[in-house]
Structures are given as structure tokens and as C-alpha cells.
Amino acid sequence: MKYDVIIIGAGPGGIFAAWELAKKSNLKTAVFETGSVLEKRKCPIDGVKVKTCINCKTCSIMNGFGGAGAFSDGKYNITNDFGGSLYEHIGRETALELMHYVDDINMSHGGEGTAMYTTAGSGFKKLCMQNKLTLLDASVRHLGTDINYIVLKNLYEELKDPIDFYFNTPVKEIRKLEEGFEVITDQGSYTCDKCIVSVGRSGSKWLSGVCKDLDIPTKANRVDLGVRVELPAQIFSHITDELYESKIVYRTQKFEDNVRTFCMNPYGLVVNENTNGIITVNGHSFEDPEKRTENTNFALLVAKHFSEPFRDSNEYGESIARLSNMLGGGVIVQRFGDLERGRRSTEKRILEGTVRPTLKATPGDLSLVLPKRILDGIIEMIYALDKIAPGTANDDTLLYGVEVKFYNMEVDLDENLETCHKGLYMIGDGSGVTHSLSHASASGVYVADRIIGLNE
Ligand SMILES: Cc1cc2nc3c(=O)[nH]c(=O)nc-3n(C[C@H](O)[C@H](O)[C@H](O)COP(=O)(O)OP(=O)(O)OC[C@H]3O[C@@H](n4cnc5c(N)ncnc54)[C@H](O)[C@@H]3O)c2cc1C
């Protein structure tokens with residue numbers, strides 16, 4: 001079968017590339033996806049029969065239509081300050097324009113009426129500065145897990161006719177032909193003139209193999225390590241009610257490391273995340289007030305970058321996560337008071353605490369897992385946050401570990417997001433250029449427009 005364009009991966013990057021091609025060209029396009037259609041994506045953890053991750057062959061949380069973003073909180077951060085370095089390739093203005101364009105499409109496909117928050121003019125900037133914290137600038141569209149699902153469903157309805165979708169069809173290999181590319185799967189092989197690779201974090205290992213086979217230069221990227229904090233929503237409500245998601249950075253006194261908040265979920269849930277069989281922690285929340293919990297959660301992360309002689313930052317992150325999986329059988333939870341007193345948390349101490357955990361995790365000791373320097377930074381930041389949100393450093397505040405943000409190696413791409421092989425594009429989180437829904441989606445639109453010849 002021959003296509004004009006083949007897209008590998010149906011996450012936000014792949015979906016928005018497909019969207020542009022379907023709406024603005026007649027190019028014959030196919031999307032290959034390891035996972036299933038949206039409705040068939042079902043994580044077996046039900047809290048009763050299956051309580052923790054059973055390492056399914058294909059993870060329904062990470063793979064399938066909607067990609068890793070399908071059951072996410074649906075926070076579209078419209079900013080160049082974080083979420084990726086797309087602007088370095090395509091320019092700040094274009095990047096922001098495309099993020100707004102994606103927002104418009106989301107709004108016209110079920111997202112209308114959802115809240116847009118902004119840091120512009122917020123008094124918290126000053127309050128943060130007065131307490132050695134920096135609030136990063138952004139506008140945040142919060143779709144919530146429920147509306148995000150509806151938007152994805154509506155997008156698929158419009159895409160399924162003009163685009164050929166091949167679900168449960170992981171691509172095994174990409175071969176460069178004299179003209180175009182051959183995309184090989186277990187169900188057969190397909191050729192195309194242009195190939196857009198958008199395989200996200202879950203496709204990171206596979207993609208590094210592709211880059212090696214095709215001699216595409218890559219650079220090591222960083223890994224972010226830390227914990228997810230869960231506390232009563234009231235403690236952060238004065239911040240989350242106004243900003244929803246605030247990205248706050250703290251520079252530690254001891255080591256001058258940057259610790260930052262990440263993925264804030266007011267009234268949300270802490271959840272497991274499975275990356276390449278390793279269980280880490282994440283969080284999300286719902287737009288529907290009826291689905292809200294009493295807690296807010298957010299991550300505190302420290303970035304680590306390795307260069308010489310060891311350069312595999314992800315392997316380092318994986319090893320730390322594996323250690324927590326070895327000790328806790330999955331994610332470990334610890335009261336902040338227990339961590340400070342140098343003792344493990346137990347089922348009894350967690351039960352006696354005032355914060356009711358939203359994730360079933362194993363009570364334990366995070367100091368046995370996280371390197372001292374990272375843990376010291378996190379503890380310092382908790383005390384810094386306590387000054388703008390008193391109660392953050394309460395004994396009963398829960399810390400889940402480990403949270404790891406794996407960044408794919410950065411693929412060497414030009415201003416078209418094209419590799420050294422003409423016609424082979426790499427976008428989204430898989431390329432290492434983006435780390436968020438809005439940047440990944442924008443990168444998809446950008447490349448599709450490039451292929452159609454709209455933004456030359
Ligand atoms: C629990 C959770 C919550 C999150 N919350 C937010 C949030 O609120 N805001 C935010 O900005 N970001 C959030 N993120 C991150 C966000 O989901 C990603 O940045 C975004 O999905 C990246 O899009 P992508 O298209 O690059 O990759 P992905 O969404 O990872 O999609 C890649 C797709 O490619 C498929 N694939 C991989 N390898 C192959 C192959 N060989 N053949 C065929 N298909 C393949 C995968 O199955 C997957 O469906 C969250 C992530 C998680 C896990």
C-alpha cells in the first residue's frame with residue numbers, strides 16, 4: 001500500500017498533523033498506532049480485583065488514540081517558558097500562534113466553556129519573588145480528563161473517514177528507499193513519500209533504534225526526578241482558584257539547584273504511570289465538579305543532565321524508579337513528617353494522618369530511593385512553598401515517589417522539524433523537542449503545513 005504521508009503514533013502530535021492534512025490537503029494519509037481506539041483503551045486497575053499495574057503488553061494509559069494525553073488532565077499550557085523548546089526551531093511567535101490554533105480546534109470540538117487561566121497581572125508573582133520563588137508566565141486551558149476525552153472523540157469522528165487508521169499496529173522499522181520510505185509492521189509493509197514520526201515517550205527506545213539505524217544524530221536530554229505532593233486542596237486553593245496550574249521555580253540554598261512544581265491538579269487524583277514497564281507516579285483532575293476529590297497534587301522535580309562518560313539520563317531515572325519499584329512493589333508513599341524524622345511511613349501512620357491518599361501506594365521511606373541532593377532540594381522547596389501556601393510543610397502532607405519525567409533524546413532536526421533524511425520528520429515528545437500537549441500538538445500542525453506548503 002502506498003501513501004503520500006504516513007504518521008507513526010496517534011498522540012496529540014500525530015492527531016494534529018493528521019488534522020491539518022485532512023482539512024487542508026488531498027494527500028493520502030495513514031496513521032499507525034501501537035494502541036487501540038479511544039473507547040477500547042481501558043486500564044485493568046479497578047482498585048478491587050486489580051489494585052496495581054500488571055504490566056500489560058500495551059499500556060492503555062500511554063498508548064492508543066490520544067496518546068499519553070488521552071487520560072491526562074488536559075492542561076494545555078500556552079507558553080514558550082516551559083513544555084518544550086519548539087520555539088527554538090520554529091520561532092516564538094509561530095509556536096504561540098499554533099498553540100492558540102490548536103486551542104481553537106479543541107474549543108470547537110467539545111472544549112467550549114472550559115476555563116483559561118493566566119499568570120498575566122497576577123499578584124502571586126510578587127508574593128513568589130518575596131519568598132525566593134519564581135512564577136513562570138503562561139496561559140493555561142484546563143480541559144480536564146473528562147472534556148479532554150470528549151474532544152478526542154470528536155476529533156476522531158472527523159478524522160476516521162479521510163485518514164486510514166491502523167490501530168494495534170506498532171511500526172517495527174522505517175527503511176529509507178531511493179524515493180520515500182518503507183514502514184514495516186507485523187501486518188505488512190507500506191510505503192510513503194513523507195513520514196512523520198510522533199511516537200511520544202513510550203516510543204523513545206524504539207525511536208533511538210531508528211535514529212541509530214538511519215544515522216540520525218541525537219543528543220542526550222535531561223531527566224527530571226522527584227516526588228508528587230498531595231495535600232488538602234484548601235492549602236493551595238488561593239493559588240489554584242486564580243491560576244489553576246502554577247509553575248513555580250525555587251533555587252535551593254544548599255546546592256543552588258532548581259526545583260520546580262510541575263503538573264498541578266487541584267481537587268485531583270494521584271495515579272500510576274507505566275513507562276517501559278517501570279511504575280512511576282503522575283496526577284490528573286476532572287473539570288466536572290462532581291468528580292473532584294478533597295486534595296490537590298503536584299510534582300516537585302529536579303532536572304539531572306549527564307554528558308561524560310555516562311550520557312543516558314533516562315537510564316539513570318529508570319534505575320531510580322526501579323529501586324522504588326523494588327522496595328515498594330510500585331509507587332512508595334511517605335508522610336512529610338515521617339521523612340523529616342528519618343522514619344518510614346506505615347499503613348497505620350498514613351491512616352492516622354489527616355490527608356486521605358487518592359492512590360493506593362506502599363507506605364515506605366523515600367530517602368532510601370532518591371539521592372540525598374535531590375531529596376534535600378525537595379525538602380527545602382516544601383518549606384519555601386509553605387511561606388506562600390501555609391500548611392504545605394505539614395507532617396501529614398503526602399509524598400509519592402518516584403515521579404520521573406523522561407525526556408527523549410533530542411533528535412537533530414532543522415527548522416522544518418525534518419531529519420537529515422528529506423521527507424522524514426520527527427515531532428512531539430518523541431523528538432525531544434516537546435514535553436507537553438500544546439507543544440506536541442503545535443508541532444504536528446507545523447509539520448503538516450510544511451508538507452502541504454502552507455508555512456514556507
Ligand atoms: C498521566 C499523564 C498526564 C499528563 N498531563 C499532561 C497535562 O495536563 N498537560 C500537558 O501538557 N501534558 C501532560 N502530559 C504529557 C502529554 O501527555 C504529552 O506531552 C503528550 O501526549 C505528547 O504527545 P505526543 O503525540 O508527542 O506523544 P504521545 O502522546 O506519547 O503519543 C505517542 C503515540 O505513539 C504511539 N507509538 C509509540 N511507538 C509506536 C510505534 N513504534 N508504532 C506505532 N505507534 C507508536 C504510542 O502508542 C502513543 O499513542 C501527561 C502525561 C501523562 C502520562
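Reply: Two strands count as paired if DSSP finds at least two bridges between them. Helices (H or I, at least four residues) and strands (E, at least two) are DSSP runs, numbered from the N terminus. This is a predicted model, so local features need pLDDT of at least 70, side-chain atom pairs count only at pLDDT 80 or more, and totals for chains, interfaces and linings use all residues. Residues are numbered from 1 along each chain as its sequence is written.

Me: What other strands does β10 pair with, and in which sense?

Reply: β9 (residues 181–185) pairs with β10 in the antiparallel sense over five bridges, and those two make a hairpin with two residues between them. Within that pairing, Ile 184 is bridged to Ser 189 of β10. Then there's β22 (residues 424–426), which pairs with β10 in the parallel sense over three bridges; Cys 195 stands opposite Leu 424 there.

Me: What holds strands together in general?

Reply: Backbone hydrogen bonds pair the strands of a sheet, either parallel or antiparallel.

Me: Now the sheet with eight strands. What order are they in?

Reply: The order is β5-β13-β14-β17-β12-β20-β18-β19, and this open sheet has mixed pairing. At the edges are β5 (133–135) and β19 (362–363); each has a single partner strand, so one side of each is left without a neighbour in the sheet.

Me: And how many bridges join β12 to β17?

Reply: There are 10 bridges between β12 (residues 223–232) and β17 (residues 295–304), and the two run antiparallel. As one of the pairs, Val 229 stands opposite Phe 298 in β17.

Me: Which strands does helix α8 lie across?

Reply: α8 (residues 313–328) lies across β12, β17, β18 (332–335), β19 and β20 (398–406), and runs at about 150 degrees to β20. The axes behind that angle are lines fitted to C-alpha atoms, for helices over the stretch in contact, and angles run from 0 to 180 degrees between N-to-C directions.

Me: I clicked on Gly 317. Is it buried or exposed?

Reply: Gly 317, which is found in α8, is buried because 24 other C-beta atoms lie within 10 Å. The cut-offs: buried is 20 or more other C-beta atoms within 10 Å of a residue's own, exposed is 12 or fewer, and partly exposed is in between, with C-beta atoms placed from the backbone. Apart from neighbours within four places in sequence, Gly 317 is in contact with Val 223, Leu 225, Val 404 and Phe 406; contact means C-beta atoms, placed from the backbone, within 7 Å.

Me: Switching topic: which residues come nearest the ligand?

Reply: Gly 9, Gly 11, Gly 67, Gly 200 and Gly 428 come nearest, out of 44 residues around the ligand. A residue is near a molecule or strand if its C-beta atom, placed from the backbone, lies within 6 Å of it. α1 (12–24), β3 (75–78), β15 (269–275), β16 (278–284) and α12 (437–452) are the elements that give two or more residues to that shell.

Me: How does the shell divide into nonpolar, polar and charged?

Reply: It's 13 nonpolar, 25 polar and six charged. Here Ala, Val, Leu, Ile, Met, Phe, Trp, Tyr, Cys and Pro count as nonpolar, Asp, Glu, Lys and Arg as charged, and the others, Gly among them, as polar.

Me: How many residues of α12 are buried?

Reply: 15 of the 16 residues in α12 are buried. Its end C-alpha atoms are 23 Å apart, which agrees with the 22 Å that 16 residues should span at 1.5 Å a residue. That expected span is 1.5 Å times one less than the number of residues. Just after α12, Gly 453 takes a positive phi of about 90 degrees.

Me: Last one: where does Asn 55 lie?

Reply: Asn 55 lies in the loop between β2 (29–32) and β3. Its phi is near 55 degrees, a positive value in a residue other than glycine. Asn 55 is exposed, with 11 other C-beta atoms within 10 Å.

Note on methods:
Contact = placed C-beta atoms within 7 Å.
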